[in-house]
Protein chains: 2
Amino acid sequence: MISDLKQIWSESAQGMQRSVIRELLKLTSQPDIISFAGGLPSPHTFPKKALKEVMCEIMDNEANFVLQYGTTEGDQLLRERLVDHQYRPNEGMDITTENLIITTASQQALDLIAKIFVNRGDKIIVGLPTYLGGLSAFRAYGAEMVGIELDDNGMRADLLEDKLEEMKKAGEKPKFIYVIPDFQNPTGITMDEERRKKILALAKKYDVLILEDSPYREIRFEGEHQKTFFALDNDGQVITIGTFSKILCPGFRIGWVIADTKITNKIVMAKQAADLCTTPFTQRIAARYLQKGLMSEQLKGTVALYKQKRNIMIESFEKYMPEGVSWVKPEGGLFLFMHLPEHMDSEKLFMKALEQKVAYVIGSAFYADNSIGKNTLRINFSYVDKDKLEEGVKRLAKVFRDNM
Amino acid sequence: MISDLKQIWSESAQGMQRSVIRELLKLTSQPDIISFAGGLPSPHTFPKKALKEVMCEIMDNEANFVLQYGTTEGDQLLRERLVDHQYRPNEGMDITTENLIITTASQQALDLIAKIFVNRGDKIIVGLPTYLGGLSAFRAYGAEMVGIELDDNGMRADLLEDKLEEMKKAGEKPKFIYVIPDFQNPTGITMDEERRKKILALAKKYDVLILEDSPYREIRFEGEHQKTFFALDNDGQVITIGTFSKILCPGFRIGWVIADTKITNKIVMAKQAADLCTTPFTQRIAARYLQKGLMSEQLKGTVALYKQKRNIMIESFEKYMPEGVSWVKPEGGLFLFMHLPEHMDSEKLFMKALEQKVAYVIGSAFYADNSIGKNTLRINFSYVDKDKLEEGVKRLAKVFRDNM
């Protein structure tokens, strides 16, 4: 054995710690716990029969292709389906397949983007709060987070402008602004077009890239579909990330990056060294599934199911939650955010919730500055079966009421 | 568009360049070219029928599990199969499932190991020549390569000792020694036990980790199965990497790292931020395939096929190659290495070979110091169909003879 392993870890590894959230999540896997933690899609949305058929066809007709190495850029058929049948016609995004690179789900997209842009000490602007996996991907390359608070329309443009101006005066420039414009994780908040345009204008003014992460975009229950940052720009200022994890299944590990070709070229080089290629087999299943036109019907079912679940959640909150507890009603996605009265601490209450056989994720985990957001928590409503949602809320309400 | 993208790339991205090899490989994909380039397994070795059956069973019985997120550590069943039914009983490796983490093929293992150990400017000891994908994974984190020449038994222990001593005197220590002990890529050379023991002893003396990469280990045509570095040590000095890419299929993207739990713990944290988990679907297919005991028969077929191919290659070399050309006869694996007379340059001859409709990989690509190895080339014998091997060699021999 090496004499002192601690001395030879990279700076990156020295900063890595077992995630508190991961440890907490492990506790929530007991079968009698109703878990609003995690971010899992409902298995009822997986199109198992159709996928099995597609798989069998592929194994009969193109097995040698899918079992072999694939190209680093990704399955050409899948890229075409996404570009020519989704992003260009439906989203007004001015791109070709050269602008879209398949990644090992959107987590790898975050990782590779950090890898090609971040040097230790570089700054990245993020929402307060924001997706935890984004924070850990960026931190692994030594990035420092600059947090901007949200309001009901997402990241506050006024605070963003102040911060960019302040940084400019200090001779600093963030590598990018990380936003989750649709049904943000963890808050469930969606940016309206006005906010998007303001943030885009600031990005242009201060010459900063925008990283738009959009895993839940297609899961909209109501309200108006908003344009992507990418479509509002169509001029290379925006990098957009997508994934099948929430709209088809996470087990395929397929995501993608859409960006200027100068950026996708670098991502290909980085990905080549990181994992050579994403699973060709699951890429081709997804491509054929899209080609058969099976996605839109299935997605309707998913949206209907999650909308029903969200409604049950909100109704149950209204019925059971004590005075002083408030929540966001999201127009789509998988999550909603809850605020407890200022003096309450969701981390301290977590073990009490577990005793009541219910779980959530503590809100402070999503804040780049962990000292804030102590009185918040994230609730997932996609995974728990419909008939258990009300009971879960009841248990949670009891924990809060007993500890007010 | 951002004003100057070049200014905001990370140092890592600034160092990334489109690989010459990749560009050359693209030229070799025309159908009339007999390509000894690339490193693809033969599609004839893919157990298509058996895999289809296993997939169908999984979709019938455990679809919700395989389509959902998996754990970062990997499929527990697969880890057990590898540990309890392969490495412990057959390889004498003293490990539990805690020591084995599934990765998105062995390329990700190389990436994550670099991530947890390498700071910019750190040194890594590699063979001259060595696997190109190893070099690019390490370089992406700013590692500097220290090359040690090989002889017929692999990395030279005497030169390694000199180098370690020299570095010690300079107050330096490499992060690890990267070796491919079995049928090395690109040379096809295997280290005997004596060499392994010598290198291990040096690693212990100088307190340096060994990174043992073993993708071809199971593909042995003849000669004695050698103990792994890990088994010779069993004391935490060695990290071993394995993969299904060459023995089952590359399209599943499954590899693994075996190491001390302090190291596997860090890898799990790094992987969590890099891609959350490896495709659960293909992991479970592999696990069930192993559980059914289907691997060993199939592997016999692969070994027999590749042995036949190697033999045809060597016989054709003997028949056609001009005086002054020499080659390694590998005891297994997918590659062999060729030396041309000193004055010849395989890169300059590459385009002439393409004109003759035959391709290879230039040897200098595998040298950490690209200025050497100009007169070498790597030949892959696994991919090209048996009945085309002799014709390919004939064409190649003509190119060399015409340019002597």
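How far apart do the C-alpha centres of domain 1 of chain A and domain 2 of chain A lie? They lie 24 Å apart, in a predicted model in which local features need pLDDT of at least 70 and side-chain atom pairs count only at pLDDT 80 or more, while totals for chains, interfaces and linings use all residues. Residues are numbered from 1 along each chain as its sequence is written, and chains are lettered from A and ligands numbered from 1 in the order in which they are written.

**View 1. The two domains of chain A.** Chain A is divided into domain 1 (5-46 + 297-402) and domain 2 (49-291), with bounds that come from an automatic or database domain assignment. Between them, 29 residues of domain 1 of chain A are in contact with 32 residues of domain 2 of chain A, contact meaning that the C-beta atoms of two residues, placed from the backbone, lie within 7 Å. On the side of domain 1 of chain A that touches domain 2 of chain A, at least two residues each come from α1, α13 (295-320) and β11 (335-339) of chain A, and α13(A) gives the most, with 6 residues. Helices (H or I, at least four residues) and strands (E, at least two) are DSSP runs, numbered from the N terminus.

**View 2. Strand β2 of chain A and its partner.** Strand β2 (residues 100-103) of chain A is covered on both faces, with L100(A) and I102(A) buried on one side and I101(A) and T103(A) buried on the other; a residue is buried if 20 or more other C-beta atoms, placed from the backbone, lie within 10 Å of its own. β2(A) runs antiparallel to strand β9 (residues 255-258) of chain A and is joined to β9(A) by 4 bridges, where pairing requires that DSSP finds at least two bridges between two strands. Within this pair, I101(A) stands opposite V257(A) in β9(A).

**View 3. The contact between chain A and chain B.** The contact takes 66 residues from chain A and 66 residues from chain B. Among the elements that give two or more residues to the side of chain A that touches chain B are α3 (48-61), α6 (105-117) and α12 (280-291) of chain A, whereas α11(A) gives the most, with 8 residues.

**View 4. The relation between the two copies.** A rotation of 180° with 0.0 Å of shift along its axis superposes chain A on chain B (RMSD 0.0 Å), the superposition being by least squares on the C-alpha atoms of residues with pLDDT of at least 70 in both. The two copies are therefore related as by a two-fold rotation axis. The same surface serves both copies, since 100% of the contact residues of chain A recur in chain B.

Definitions and conventions
Buried ≥ 20, exposed ≤ 12 C-beta atoms within 10 Å, placed from the backbone.
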